[in-house]
Amino acid sequence: MNELTIWTYDWVPEGPRGFVRDLRLRWACEEAGLTYTVQTIPFDGRETNHLERQPFGQVPLLSDGELQLFESGAGLLHLACKSDTLMPPDAVGRAHTQQWVIAALNSIEMVSVPWWFLAISGDANNGLAGWMGKRLDQLEDVLCQRDWLVADRFTVADLLMADVLRVPKVRAFGNRPATEAYVTRATSRPAFKKAYADQLEHFELADEKRT
Ligand SMILES: N[C@@H](CCC(=O)N[C@@H](CS)C(=O)NCC(=O)O)C(=O)O
């Protein structure tokens, strides 16, 4: 079997710790029991130091033997093909999982990230607030009907959707009990806790090396 490597920065400031998107790939590997190693790209110089592998200078990257992938969603779908734990094996279950992975990225995160950027500048009621509220309300309607997005079970789509939604400012934007319960349900999973703790530890160790 090819060796999986998750690439992240060698260090980041306090703010993003626990939210750097390598956590998505760590979480998926932990759920599926896939063995992986973590390697690093220098945070300093990130804009240009790995453009040949990530054209936007970002992390995470995933290597699977010779294969290299950027975009956390692409990495998650690649990992999901390795394990029924992440995606049901039947054609309908797979298609619906892929659909919700794309919805997490393209219907929710597409608005939540720009909204969040404006919100951390002090304006939570910025010009994107209406769009953001509408999308979250629509998702709340879905999550009132079911515990998980696909096939009555946890999939990689839930992993991604919950990761998009667990950002504290997003979580605090309005009162959506079903969404809140969903995020709690997903992030209570041992695989999430392990991935989260491992990321924090990774950056804490980096602090020691940096000083
Ligand atoms: N769409 C990309 C977004 C990646 C992303 O935003 N990565 C952040 C860390 S979580 C990053 O590298 N930020 C540094 C930068 O943009 O310069 C993905 O999902 O992989």
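In this predicted model, the largest nonpolar core comprises 52 residues. Within this core, the residues with the most contacts are Trp27, Leu79, Trp100, Leu149, Met161, Leu165 and Tyr182. Contributions of at least two residues each come from strand 1 (4-9), helix 1 (22-32), helix 2 (72-80), helix 3 (91-120), helix 4 (129-145), helix 5 (156-165), helix 7 (177-187) and helix 8 (190-210). The core also spans the domain assignment, with at least three residues drawn from each of domain 1 (4-84 + 191-210) and domain 2 (91-189). In soluble globular proteins, nonpolar side chains tend to be buried together.

The surroundings of Leu149 illustrate the packing. When residues up to four places away in sequence are not counted, Leu149 touches Trp100, Val142, Leu143, Ala157, Asp158, Met161 and Tyr182. Another core, of 11 residues, lies apart from the largest one; Trp7, Tyr9, Val20 and Val59 are among its members.

The ligand is surrounded by Tyr9, Val20, Arg21, Arg24, Arg46, Gln58, Val59, Pro60, Glu71 and Ser72. At Val59, by contrast, a polar backbone atom is 2.8 Å from a nitrogen atom of the ligand. Taken alone, the ligand exposes 510 Å², of which the protein buries 73%.

Definitions and conventions
Residues numbered from 1 in each chain as written. Predicted model: local features only at pLDDT ≥ 70, side-chain atom pairs only at ≥ 80, totals over all residues. Heavy atoms only, no water. Core = buried A, V, L, I, M, F, W, Y, C linked by side-chain atoms within 4.5 Å. Buried < 20%, exposed > 50% of the residue type's maximum accessible area, 1.4 Å probe, protein only. Helix = DSSP H or I, 4+ residues; strand = E, 2+ residues; numbered from the N terminus. Domains from an automatic or database assignment. Contact = heavy atoms within 4.5 Å. Near = heavy atom within 4 Å. Polar contact = N/O pair within 3.5 Å; in protein donor to acceptor, adjacent residues only side chain to side chain. Areas by Shrake-Rupley, 256 points an atom, 1.4 Å probe, with all protein chains shown as cover.
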